[in-house]
Amino acid sequence: MELRVTALLLVVCAIIFTTTEGGIPQCCVRVSSNIPCKTLHKVEKYEVQEASGSCDTVALRLHMKSKIYCADPRYDKVLNIPKKSQRKWVRDCKKMIKKLML
């Protein structure tokens, strides 16, 4: 009887642990300050990671098709450039990065 209760308790704990995202947070540990503009043009969405709770680094989490990059928060201004043709956007991106990273 005691073995059944223990086994049932383990199963319930496993189900609870695997169905919640409270286990291990997805945090950027390091940020990159040299992401090419062609890569930045492919960003589908981004979110700001605040330095609070379990994440202790301020970062921009850049979501692309199959990858997530951790970028310097100053890239926020670059990502707000209106999307034009890739060539013009990359040109404007390079100009803005030069200003921001000085």
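**Figure 1. Strands β1 and β2 run antiparallel and are joined by 5 bridges.** The structure shown is a predicted model, in which local features need pLDDT of at least 70 and side-chain atom pairs count only at pLDDT 80 or more, while totals for chains, interfaces and linings use all residues. Residues are numbered from 1 along each chain as its sequence is written, and side-chain values use heavy atoms, with hydrogens and water left out. Strand β1 covers residues 45-49, and strand β2 covers residues 59-63. Strands are DSSP runs of E with at least two residues, helices are runs of H or I with at least four, and both are numbered from the N terminus. Two strands count as paired if DSSP finds at least two bridges between them. V48 has L60 of β2 as its bridge partner.

**Figure 2. Strand β2 also pairs with strand β3, residues 68-71, through 4 bridges.** These two strands run antiparallel and form a hairpin with 4 residues between them. L60 stands opposite A71 in β3.

**Figure 3. Strand β2 is mostly covered, with 5 of its 5 residues buried.** Buried means under 20% relative accessible area, exposed means over 50%, and partly exposed lies in between (1.4 Å probe, protein chains only). A59, R61 and H63 point one way from the strand. L60 and L62 point the other way.

**Figure 4. R61 of strand β2 forms a salt bridge with E47.** A salt bridge is a side-chain nitrogen of Lys or Arg within 4 Å of a carboxyl oxygen of Asp or Glu. The closest N and O atoms of E47 and R61 are 3.0 Å apart. This pair links distant parts of the chain, with E47 in strand β1 and R61 in strand β2, 14 residues apart. R61 is buried at 11% relative accessibility, whereas E47 is partly exposed at 35%. A polar atom of the R61 side chain also lies 3.4 Å from the backbone oxygen of Q26. Leaving aside neighbours within four places in sequence, the residues in contact with R61 (heavy atoms within 4.5 Å) include C27, C28, Y46 and Y69.

**Figure 5. The side chains of R74 and D72 meet in a salt bridge.** The N to O distance is 3.3 Å. R74 is partly exposed, with a relative accessible area of 36%, and D72 is buried at 12%. A search of the whole structure finds 3 salt bridges.

**Figure 6. R91 and D92 form a salt bridge through their side chains.** Here the N to O distance is 3.6 Å. R91 is partly exposed at 45% relative accessibility, and D92 is buried at 17%.

Figure 7. W89, V90, D92, C93, I97 and L100 are buried in α4. They lie on the same side of the helix because they cover an arc of only 165° around the axis, the arc being that of the directions from the helix axis to the C-beta atoms. On the other side, R87, K94, K95, K98 and K99 are exposed. The elements that cover the buried residues of α4 include α2 (37-40) and α3 (75-79).

Definitions and conventions
Polar contact = N/O pair within 3.5 Å; in protein donor to acceptor, adjacent residues only side chain to side chain.
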